[in-house]
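Biologist: I would like to learn how to read a few features in a model like this one. Could you take me through them?

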Amino acid sequence: LREKYLTAISQAADADALEEVRLAAVGKKGEVALAMRGLGKMTPEERQVEGPRLNALKDEINSALAAKKAALEDAALDARLAEEWLDVTLPARPRRVGSIHPVSRVWEEATAIFADMGFAVAEGPQIESDWYNFDALNMPSHHSAREEMDTFYMKRADGDDRPPHVLRTHTSPVQIRTMQAQGAPLRIIAPGRVYRADFDQTHTPMFHQVEGLALDRDLSMANLKWVLEEFFSAFFGRPVKTRFRASHFPFTEPSAEVDIQCSWEGGTVKVGEGDGWLEVLGSGMVHPNVLKAGGIDPDQWQGFAFGMGIDRIAMLKYGIPDLRAFFDSDLRWLRHYGFAS
Ligand code: PHE
């Protein structure tokens, strides 16, 4: 019995095999238990010899089982350590950190600069009614300026002959919404997405504008010029001259297109130096009809408005030649310009 079980214990390959040996030897129905039950039928003399012998055997088997169990556990741990080891001296995997898109960056910078000059941020919907996008801005139906806008129209249900909603073609409808909501005086900018059916190196069907609107008792074009020069100098980090050219917008009178000073050398544009000029925005004194549409009395209030291309000034600031690349989501491009790691 002793030989048999000590050999079986030493040969058990794993915990399950060992448990089987244990049950067969010292389990309730194991051979040693069986032999112990046999003690009852022996003479007292025999029992005195056999009893201690069986007890000693049971102890010996139990300690052999315990020793084997510990040895198996050690071996299992060794195997796991050999398999799962980790080389902490290996270099870590490179970690990609997210970054802010250049358009978002310029949007936020512009917002911060205008905030310093007391302009709050206003918003309006991107799907806009015909009235807010056109009529209220002094562009009644069949006004020629409407056709120039390459407008995206939303489809009305069959039989519904009200004018269709549009994807706003500019941020100017926010002027009207803010006048209606806040009255005068006011000073806001409205950055946001706008849409026109146009696509080439400097046009994408979706782009970004920031609208500006200031209304008070006696604001003039001089205030507008100061605000814009202040803005561009802060934005480009150096003094930037502006040039106002007489122009026409239905919603401003007088109107001006504004150029900023720049140099062109070797195909790269540098803002704030040289004697070249680059058009960056439309502006003017808010037309009385527009004030009326916004519920404001043109005899009491006047002010200026401007609309500037956010993508446009981002291209200038970062020297990016193709507007379309802003919206390609190409990480290689973003990395090239240092906008992603
Ligand atoms: N809404 C005009 C455009 O998109 C820009 C503009 C805004 C002009 C405000 C004058 C005043 O071209």
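This is a predicted model: local features need pLDDT of at least 70, side-chain atom pairs count only at pLDDT 80 or more; totals for chains, interfaces and linings use all residues.

Biologist: How many aromatic pairs does a search of the whole structure find?

Modeller: A pair of aromatic rings is described by the distance of the centres and the angle of the planes. Rings of Phe, Tyr and Trp (its six-membered ring) pair if their centres lie within 6.5 Å; planes under 30 degrees apart count as stacked, over 60 as edge-to-face and the rest as tilted. The search finds 15 aromatic pairs here. For Phe-114 and Phe-119, the centres are 5.5 Å apart and the planes at 70°, so this pair is edge-to-face. The rings of Tyr-337 and Phe-339 are stacked, because their planes are at 20°, with centres 6.4 Å apart.

Biologist: Is Phe-114 buried or exposed?

Modeller: Buried means under 20% relative accessible area, exposed over 50%, and partly exposed in between (1.4 Å probe, protein chains only). Phe-114 is buried at 0%, and Phe-119 is buried at 5%. In the other pair, Tyr-337 is partly exposed at 26%, whereas Phe-339 is buried at 3%. Phe-114 and Phe-119 also belong to one aromatic cluster, with Phe-231, Phe-232, Phe-235, Phe-236 and Phe-306.

Biologist: Which ring does the charged end of Arg-217 sit over?

Modeller: A charge sits over a ring if NZ of Lys or CZ of Arg is within 6 Å of the ring centre and within 35 degrees of the ring normal. Arg-217 has its charged end over the ring of Trp-301, 3.8 Å from the centre. Arg-324 lies over the face of Phe-199, at 5.5 Å from the ring centre.

Biologist: Now the backbone: where is the cis peptide bond that involves Pro-185?

Modeller: That bond joins Ala-184 and Pro-185, with omega about -5°. Another cis peptide bond joins Glu-253 and Pro-254, again with omega about -5°.

Biologist: What is phi for Asn-138?

Modeller: Asn-138 has phi near 70°, a positive value in a residue other than glycine. His-142, also not a glycine, has a positive phi of about 70°, and His-142 is exposed at 76% relative accessibility.

Definitions and conventions. Residues are numbered from 1 along each chain as its sequence is written. Side-chain values use heavy atoms; hydrogens and water are left out.
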